[in-house]
Amino acid sequence: MIGNDWDQKLEIIWQSSGFKKFMNLVDKEYQTKTIFPPKNYIFNALKLTPYKNVKVVIVGQDPYHGQGEAHGLSFSVLKGVKIPPSLQNIYKELQDDLNIKMCPDGDLTKWAKEGVLLLNAVLTVVKDTPASHRNLGWERLTDYIIKILNEKEEPIVFILWGNFAKEKAKYITNPRHLIITSPHPSPFSARYGFFGSKPFSRTNEFLKQNGLKPINWDLNE
């Protein structure tokens, strides 16, 4: 389904009767409603960041629900799409943290290719209806993804913004990993602890301490 080592890691899921029934349900949603992201983008985060390359995980809630926004990466939008407020705040914190100039577009594909798994907890959404596919069944898959990442011997940084993402922390029990939490970057909560949390420099410092190449967070290059 993915085309890299995630297929082997998730084979027990792909082959299960429960997941096959669930995907039939997802297919029916696409047939009867306007669902985002486009079907071929559902697993984009896994396709762009193989298991063996994961250094950082940024957990989002569910895809953007506006026309043309979601493309399978948490917090990311395609080039040419107006940058959403949460991503604007992420860029502001990045500039304050690492003095990186704000990028004029919202496509985070470069981060994904650097080893940042941009994983939403829920992978689909009904147009203009946020959280509409919450509890549909995606959480069982994404919880499992966090669990098998927790088993990695190489240290990973898990960045959990907001209460929804923090729910995944209970699956991160391996002491070699780092968990960074803060309020969500949305305009409603960013000023209550997201701004000034310095997740990008803290991530890179941890990676360097563990002999790993830091992430190049600069999207302008």
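Author: Phenylalanine 22 is found in helix H3, where helices (H or I, at least four residues) and strands (E, at least two) are DSSP runs numbered from the N terminus. The model is predicted, so that local features need pLDDT of at least 70 and side-chain atom pairs pLDDT 80 or more, whereas totals for chains, interfaces and linings use all residues. Residues are numbered from 1 along each chain as its sequence is written, and side-chain values use heavy atoms, with hydrogens and water left out.

Phenylalanine 22 counts as buried because its relative accessibility is 10%; buried means under 20% relative accessible area, exposed over 50%, and partly exposed in between (1.4 Å probe, protein chains only). Apart from neighbours within four places in sequence, phenylalanine 22 is in contact with Leu136, Gly137 and Trp138, contact being heavy atoms within 4.5 Å. Lysine 101 lies 79 residues from phenylalanine 22 in sequence, and 42 Å separate the two C-alpha atoms.

Valine 26 also lies in helix H3. With a relative accessible area of 1%, valine 26 is buried. Its contacts, leaving aside neighbours within four places in sequence, are Ile42, Leu136 and Trp138. Valine 26 and alanine 169 stand 143 residues apart along the chain, with 27 Å between their C-alpha atoms.

Phenylalanine 22 also takes part in the lining of the second largest pocket, together with Ile13, Ser16, Gly18, Phe19, Leu136, Gly137, Arg140 and Leu141. A pocket is an open set of points on a 1 Å grid over the protein atoms alone where a 1.4 Å probe fits, with protein on both sides within 12 Å along at least five of seven lines; lining residues have an atom within 4 Å of a point. The volume of the second largest pocket is about 170 Å³, taken as the space filled by probe spheres set on the points, which are joined across faces, edges and corners. Helix H3 (17-32) and helix H7 (138-150) each supply at least two lining residues, and H3 gives the most, with three. By class, this lining has five nonpolar residues, three polar and one charged; Ala, Val, Leu, Ile, Met, Phe, Trp, Tyr, Cys and Pro count as nonpolar, Asp, Glu, Lys and Arg as charged, and the others, Gly among them, as polar.

Asparagine 135 is placed in the loop between strand E4 (125-126) and H7. Its relative accessibility is 68%, and therefore asparagine 135 counts as exposed. The phi angle of asparagine 135 is near 70°, a positive value in a residue other than glycine. Phenylalanine 75 likewise has a positive phi near 70°, in the loop between strand E2 (56-60) and H5. Phenylalanine 75 counts as buried, because its relative accessibility is 9%. A peptide bond of cis form joins phenylalanine 36 and proline 37, with omega about -5°. Proline 37 belongs to the loop between strand E1 (35-36) and helix H4 (44-48). As background, most residues other than glycine have a negative phi, and most peptide bonds are trans.

Serine 186 sits in the loop between strand E6 (178-182) and H9, and its relative accessibility of 12% is why it counts as buried.

Threonine 181 lies within strand E6. Its relative accessible area is 39%, so threonine 181 is partly exposed. Threonine 181 touches Leu160 and Lys166, residues up to four places away in sequence not being counted. Lysine 166 is 15 residues from threonine 181 in sequence, and their C-alpha atoms are 7.1 Å apart.
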